[in-house]
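Thanks for coming. I have one structure to go through, and I will keep to a few of its elements.

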Amino acid sequence: MSNASIGLSEDLHAYLVRVGVREPDVLRRIRERTAPLPEHGMQIAPEQGAFMALLVNAMSTRRCLEVGTFTGYSSTAVALALPPDGRLVCCDVSREWTDRAREAWAEAGVADRVELRLGPALDTLDQLLAEGAERSFDFAFIDADKPNYDGYVERALRLVRPGGLIAIDNVLWSGRVADPSVDDESTNAIRSLNEKLVADERVDLAMVPIGDGLTLLSVRPGAG
């Protein structure tokens, strides 16, 4: 987990953020409020937030899904990129962290664009499918517990429309995926998913070394 793109020195990352990211003040304040938390490494890097917002804007996205919200940086970045009638459904299990996200959404003036669903994300995604939300999302961002990543992706492939994008965070896992001496549940789950997706004919794929590694999946017709 990282608040800066993997492999960049501190000085180079500071330069990247200064000249390569137009970070709104509200996002900077979220970073500053999150920094003292022991779990601050769960927050995405500012360059990744800007990249995702650019994708959402370029796709004329209206309906987004997020699995793993934490204190609200990624969801606020995405919601700011949506049109006024755009909607973002956020899935998380922590009321403590998402209370901070709610404050951020209100501060950014996007609270009316965000629907928070608290509870295990697999259950929430299944409920969305049961409600008839299949193929109704343009963009999905997955950044939650790694052992369940495969389940999140499989459901996202049903929820996101053909031509839509699924973005999967932490796919480089601070380099641990390439270290054969690392053998833990989360690392193995990410490795397994990476190997599965590179051969998955349901999607077009690009793994981008931004943040802690971000895989982009473009859903092909007939996926899911």
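Helices α6 and α7 cross in a left-handed way, meaning that the near helix is turned anticlockwise from the far one by less than a right angle. Helices here are DSSP runs of H or I with at least four residues, strands are runs of E with at least two, and both are numbered from the N terminus. Helix α6 covers residues 121–130, and its axis lies 10 Å from that of α7 at an angle of about 20 degrees. Axes are lines fitted to C-alpha atoms, for helices over the stretch in contact, and angles run from 0 to 180 degrees between N-to-C directions. The two helices are therefore roughly parallel, a label for angles under 35 degrees. Contact means heavy atoms within 4.5 Å; among the residues making it are Leu-125 and Leu-129 of α6 and Tyr-152 and Arg-155 of α7.

A word on the source: this is a predicted model, where local features need pLDDT of at least 70, side-chain atom pairs count only at pLDDT 80 or more, and totals for chains, interfaces and linings use all residues. Residues are numbered from 1 along each chain as its sequence is written, and side-chain values use heavy atoms, leaving out hydrogens and water.

Now the sheet. It is open, with 7 strands in the order β3-β2-β1-β4-β5-β7-β6 and mixed pairing; strands pair if DSSP finds at least two bridges between them. The edge strands, β3 and β6, each pair on one side only. Helix α7, residues 149–159, packs on this sheet, and its direction makes about 160 degrees with that of β5.

Notes. Parallel < 35°, antiparallel > 145°, perpendicular 65-115°, else oblique.
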